[in-house]
Every structure is written in C-alpha cells, then in structure tokens.
Amino acid sequence: MLKVPLFCALIALTGTTLVGCREGFPSQSEFVLGTVCAVNLYEQGRNEVYHEIFDRLREIEGRMSVTLPGTELGNINANAGIEPVAVHPDVFEVIELAVLYAELSGGAFDPTVGPLVSLWGIGGDHPRLPSQEEIEAVLPLVNWRDIELDRERLTVFLKKPGMALDLGAIAKGYAADEAWRILKKNRIQRALIDLGGNILVYGEKRDGSPWRVGIQDPLDSRGAYIGIVEIRDQTVVTSGVYERFFETGGTRYHHILSPDYGYPVRNGLLSVSIVTSRSVDADALSTSAFVLGYERGKALVESLEGVGAVFVFEDKSIRLSGETGFILSDESYRILSD
Ligand code: FAD
Ligand code: MG
C-alpha cells in the first residue's frame, strides 16, 4: 500500500482537487478500480480500517471489472444471448441502479455500452477510430432494455449474443458509498475518499469548516482548478473529456460515448460535476448529464432532490444548477445564468 504524505498532493493528480488542506495526516492509496484510490482517516487512521476499505474496493473490482479475468460481470457478458447468470447482491444492486439511471436519462446513460467501449478501446493500450460500418454493427447491441433482471433469483441476462455490460460510469460511485459505510461502522469522525476523482467527504474539518474541493480545469493540466465547491458529508463526481482520450488526425476522441450514434459525445460540454449525498447517484448522473447535454441534463438534475451540477463548456462558460456551493476562482471562465 502506498503512503502519501499529504492527501492534497495525491488528489491533485485526479479529476477533482482538494484545496487548502494542510493537516499533515498521511493518506493511504492503492491502484484499484483502474485508478489511484486514496483514503485519509486523519487522526483516527487505524490500519485495520484502511485495510477494510481497500479490501472492499478490491472485492468490488473483483466482481465488477471487465478487464480482470473471472469476474461476475465477465461471466454475465460471456453468457449474453445464452442464459441468465446468478450474481452476488452487490453486482445485482449496481446493475439495477444502472438500469434505473438508463431509464431516468432516456437511455443517455446505458450500461450495455460495452461493445462500443471495446471497439474504441479508449483508455486501453490500443485506442482507434472505428469505421462507420463497425459502429453500425455494434449499435443494435447497445440497449439497456435488453437487460433482464430477476430480483428473486438474483440473475442477470443479456438477451442478445454479443451484448456486454460496462459499469465504468457507476461502480466507482458505489465503491465510494461502500467506503462511507465502513467509516460509519467504525465510528470514524471525518475522512476523505478519492477514487480517481470521485470525491467523498465524510464529516467536517477539525475547525468545523466545510471541505473545499476543486473542480478540475478541463483545459489545463491536472490539479489546476477553475473553482471550488464547499461541502460537508457529500460527494463530488466529474465526467469530462479530459479523463481518458486519444488523438488522431488532429481530433480528440474522449471516452464518454453516445449510445445513439456510437461516437464520443460532442455537445459543447467539457465536463459536468455533480454534488450530492450518495456517490453512486453522482457517478451515474455526471455521465448521464454529460451525454444529455446542458438543457436535458439540467432538467434531469432538477427533477431530483438534493442534487447540484456544474456544467463547464468549451467556450469557458459555466452554468450551475441546483445547490452546488460553487465558487469561481479562475477568472478566464465566467458563470452564465439562463
Ligand atoms: P465516467 O463518466 O463516470 O464513466 C465513463 C465510462 O463509462 C467510460 O470509460 C465507459 O467505460 C463507460 N461509458 C461510456 N459512455 C457511457 C454511457 N453513455 N453510459 C454509460 N457508461 C458509459 N480502467 C482500466 O483502464 N483498467 C482497469 O483494469 C479498470 N478496472 C475497472 C474496474 C471497475 C470495477 C471499474 C468501476 C472501473 C475500472 N476501470 C478500469 C475504469 C476506470 O477506473 C474508470 O471507471 C473509467 O475510466 C471511467 O470513469 P470516469 O469517472 O472517468 O468517467
Ligand atoms: Mg460516472
């Protein structure tokens, strides 16, 4: 397990930045869920609690990864079009939530995006620009309505051969909530969880003030932020064009794909950050709102209670929705109201 002297130094490497933390308690971090995950329990930092959290993260990865061999998710995908697969309640719960968000977002969020993710390979070693024919060949496999869930038997069935689930847009949020549950069980007073930019703050700072979490400047290097959100017992999750991408022919292709047309979504947005209390909701909603675009994304966010959103656009404008506690610090950006 890596030990990092200052939690802030580590968070600066990820999509969201913790601002102005100088308490000096070492965080612990591990590479899990395909990213650097860091936890800081501050003065109550007992090894057994750190271990419990990282064990749980590894357990979730071991069930829900599409890259590791022998996971339950891999088993569901291998049995697409063949037969339903019995899964652990964790896996069932995340898939059920993913289906809920697919429905709420009108299919903009779609956990059956797996065949498209494989085709593009963005974030892997061999990303490439697929042909239109290749995209059209897999699009019929991307449809959340072809997931059959049986709550009694805890089985999942993908109706068409070739379908594949990918929980990359939601499972880190679930993992952060599981870390939160472990903090609560162990009566930890305050903690910070950073799962590759999925930030969850637990409790408040020692002086009673809120945590200040930076929103990454999507046009600048990691750790540069455009502003901050002040939060307590909440989570901030960002989906953006800068997280994973590749460039070819002078065009940048990022990893958030349209289930409609099969290409990286282009709608003028650079990122969407969601502020709310449950990280699984924030994770699903940041991806959903990004794919939906501003108007429909805002409508979705505003239809839900206790959710705030920061929309950042290519022209360096920012629009806010709901309660975000956002404070702009980079004056090359500007906040617009409708
Ligand atoms: P988000 O916006 O939250 O999610 C975007 C991701 O969701 C895309 O990368 C794609 O996978 C998927 N997606 C794209 N479009 C849509 C859509 N319209 N609807 C729904 N989903 C969509 N990465 C590795 O490189 N190696 C690993 O071994 C690895 N293992 C992982 C294991 C687990 C259990 C999880 C949850 C993730 C793993 N990852 C791995 C992926 C990685 O850590 C991130 O989850 C991923 O890069 C996207 O996270 P994000 O928060 O940046 O973006
Ligand atoms: Mg997400």
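Which residues does glutamine 189 touch, not counting residues up to four places away in sequence? I looked: Gln44, Tyr202 and Gly203, where contact means heavy atoms within 4.5 Å.

**Ground rules**

I noted that this is a predicted model, in which local features need pLDDT of at least 70 and side-chain atom pairs count only at pLDDT 80 or more, while totals for chains, interfaces and linings use all residues. Residues are numbered from 1 along each chain as its sequence is written, chains are lettered from A and ligands numbered from 1 in the order in which they are written, and side-chain values use heavy atoms, with hydrogens and water left out.

**Confidence**

The protein has a mean of 92, and 93% of its residues reach 70 or more. Residues 3-15 are below 50, and that stretch has 41 contacts in the model beyond near neighbours in sequence. Where pLDDT is low, the predicted coordinates should not be read in detail.

**Glutamine 189, continued**

I placed glutamine 189 in the loop between helix 7 and strand 8 (191-195). Helices (H or I, at least four residues) and strands (E, at least two) are DSSP runs, numbered from the N terminus. Glutamine 189 is exposed, at 57% relative accessible area. My cut-offs are: buried under 20% relative accessible area, exposed over 50%, partly exposed in between (1.4 Å probe, protein chains only). I also checked arginine 206, which is 17 residues from glutamine 189 in sequence and 9.5 Å from it in space, C-alpha to C-alpha.

**The magnesium site**

Next I went to ligand 2, a magnesium ion. Its donors are Ala169 (O), Asp283 (O), Asp283 (OD) and Thr287 (OG1), at 2.1 to 2.6 Å. Donors here are N, O and S atoms within 2.8 Å of the metal (3.2 Å for Na, K and Ca); water is not among the atoms, so sites may look incomplete. Along the chain, I read the donor spacing as A-x113-D-x3-T. Aspartate 283 and threonine 287 are about one helical turn apart, because they sit four residues apart in helix 8 (residues 279-292). Both aspartate 283 and threonine 287 came out buried.

**Helix packing**

I then asked how helix 7 (residues 171-185) sits against helix 2 (residues 47-64). Their axes come within 10 Å and cross at roughly 150 degrees, which means that helix 2 is roughly antiparallel to helix 7. The axes are lines fitted to C-alpha atoms, for helices over the stretch in contact, and angles run from 0 to 180 degrees between N-to-C directions. Angles under 35 degrees count as roughly parallel, over 145 as roughly antiparallel, 65 to 115 as roughly perpendicular and the rest as oblique. On the helix 2 side I listed residues including Val49, Ile53 and Leu57, and on the helix 7 side residues including Ala171, Tyr174 and Ile182.

Helix 7 also packs on helix 8: the axes come within 7 Å and cross at roughly 165 degrees. That makes helix 7 roughly antiparallel to helix 8. The contact uses Ala171, Lys172, Gly173, Tyr174, Ala176 and Asp177 from helix 7, with Ser279, Val280 and Asp283 from helix 8.

Helix 2 has another partner in helix 4 (residues 89-104), with axes within 10 Å and a crossing of roughly 70 degrees. Helix 2 and helix 4 are therefore roughly perpendicular. Arg56, Arg63 and Met64 in helix 2 meet Asp90, Val91 and Val94 in helix 4.

**Positive phi**

Most residues other than glycine have a negative phi, and most peptide bonds are trans. I flagged tyrosine 42, with phi near 55 degrees. Tyrosine 42 is in the loop between strand 4 (35-40) and helix 2, and is buried at 5% relative accessible area. Leucine 154 also has a positive phi of about 55 degrees. I found leucine 154 in the loop between strand 6 (147-150) and strand 7 (155-158), partly exposed at 21%.

Serine 271 belongs to strand 15 (residues 269-276), and its relative accessible area is 0%. Outside four places in sequence, serine 271 has contacts including Pro218, Tyr242, Phe290 and Phe311.

Alanine 164 is in the loop between strand 7 and helix 7 and counts as buried at 15%. I got 8.0 Å between the C-alpha atoms of alanine 164 and alanine 78, which are 86 residues apart along the chain. Beyond four places in sequence, alanine 164 has contacts including Asn77, Pro111 and Leu158.

Notes. pLDDT is the predictor's confidence in each residue, from 0 to 100.
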